[in-house]
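Dear colleague,

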Amino acid sequence: MDTPMPNAPVQAYAPASIGNVSLGFDLLGAALKPVDGSRLGDEVKIHPAGAFSLEVKGTFAHKLPADSEENILTQCYRHYHNQAEQQGHQLEPCAMLLYKNLPIGSGLGSSASSVVAALDGLNTFYGELFDQQRMLLMMGELEGQISGSVHYDNVAPCYLGGLVLMAEQADNIAINLPVFEDWYWVACYSGIKVSTAEARRILPQQVALKDTLTFGRQLGVFVHALHSGDRKLAAAMMQDVIAEPYRKKLLPGFDEARAFAIQQGALAFGISGSGPTVFAVCDDLARAEKINQWLSAHYIQNADGFSHICQLDPQGSTAKKV
Ligand SMILES: Nc1ncnc2c1ncn2[C@@H]1O[C@H](COP(=O)(O)OP(=O)(O)OP(=O)(O)O)[C@@H](O)[C@H]1O
Ligand SMILES: N[C@@H](CCO)C(=O)O
């Protein structure tokens, strides 16, 4: 089989994402794009080199393990090369530079953003050896190594963009759903760290029958409401009966933040992924600004925290030769 030669350096970007979106535990995710035009996601640069190396820069670089063997990017590089070898390709090495812009353990899909930027970047660098489905499978596997279980609700929206429902079929991992483009998503990171693996451990292994029925009804009706353009019905379904009742105790100020957002007319409020980031959905910008200001003043716990008014990022990750 031909072995594609790496050529031009590549630059990749992968946005932050909201896992679960309250009503779709492990099954629903959304990619975020701040309305002020700023970027909220990790970036990866790749260039040809005699041997593999990884350098890490960016606001949250110092929060990652110092040993690059423990950085998920190293596993992404190895995994991509192994998969390519199994297809008969012998790839030249490359050097990778990660700009770690997303806080770790934030609920914004931080490790997913690194995984997607790395793998999308590598696939562009080596000439698109794998199709979208193979890429998603790889991304899920790598994310699973970090969080303790394979779930696609961060990697899939991060890669594909928009609002994504997991089908988890070998040839159809994830489905893009219609979105309401006039909705604003205020995402506030409090600044503390919540480990995804730990936030999964505290969930009960059994779900009560009534909650199972609510979960199924909400997800089904939500998808119908998106397809039929029924904003009110869609918003009414955005309640978390699976994780929020257990996880909110990990999030100081959660109940007060929810109460303020709902009192201000937010359509929905919930935990982003495993937290501590929370999100509020609004149908007008003035309301989103007011909630953004309040969360910035009251939900943020330390200097690492931040809050952004976002819309859904329709594009997902980007990787281009530079
Ligand atoms: N490039 C990377 N980005 C993020 N975490 C990484 C990376 N490389 C290694 N890690 C490690 O993986 C673990 C990620 O933990 P966890 O899954 O809780 O965080 P996360 O993916 O940042 O969470 P979230 O999805 O809530 O944003 C941490 O122990 C972190 O040190
Ligand atoms: N669906 C995952 C997302 C983690 O960011 C969870 O809630 O554990």
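**Surroundings of ligand 1**

In this predicted model, ligand 1 is surrounded by 23 residues, and the closest are Ile72, Ser110, Ser111, Ser114 and Thr196. A residue is counted as near a molecule if its C-beta atom, placed from the backbone, lies within 6 Å of it. Helix H1 (72-86), helix H2 (110-125) and helix H3 (132-147) each contribute at least two residues to this shell, with H2 giving the most, four residues. Helices (H or I, at least four residues) and strands (E, at least two) are DSSP runs, numbered from the N terminus. By type, the shell around ligand 1 comprises eight nonpolar, 14 polar and one charged residue. Here Ala, Val, Leu, Ile, Met, Phe, Trp, Tyr, Cys and Pro count as nonpolar, Asp, Glu, Lys and Arg as charged, and the others, Gly among them, as polar.

**The two domains**

The protein chain is divided into domain 1 (10-177) and domain 2 (184-312), with bounds that come from an automatic or database domain assignment. Ligand 1 lies between the domains because both give residues to the shell around it. Taken over C-alpha atoms, the domain centres are 23 Å apart. In domain 1, 31 residues are in contact with 36 residues of domain 2, where contact requires C-beta atoms, placed from the backbone, to lie within 7 Å. Strand S3 (28-34) supplies the largest share of the side of domain 1 that touches domain 2, namely five residues. That side divides into 17 nonpolar, 13 polar and one charged residue.

**The annotated binding site**

An unreviewed UniProt entry carries the annotation "binding site" for residues including Ile104, Leu108, Ser110 and Ser111; such annotations may be inferred rather than shown by experiment. Both Ile104 and Leu108 lie in the loop between strand S6 (94-99) and H2. Ile104 is partly exposed, with 18 other C-beta atoms within 10 Å, whereas Leu108 is buried, with 29. The cut-offs are 20 or more such atoms within 10 Å for buried, 12 or fewer for exposed, and partly exposed in between. Setting aside residues up to four places away in sequence, Ile104 touches Phe60, Lys63, Leu64, Ser110 and Lys193.

**Conventions**

Residues are numbered from 1 along each chain as its sequence is written, while chains are lettered from A and ligands numbered from 1 in the order in which they are written. For this predicted model, local features need pLDDT of at least 70 and side-chain atom pairs count only at pLDDT 80 or more, whereas totals for chains, interfaces and linings use all residues.

Yours sincerely

Notes:
Contact = placed C-beta atoms within 7 Å.
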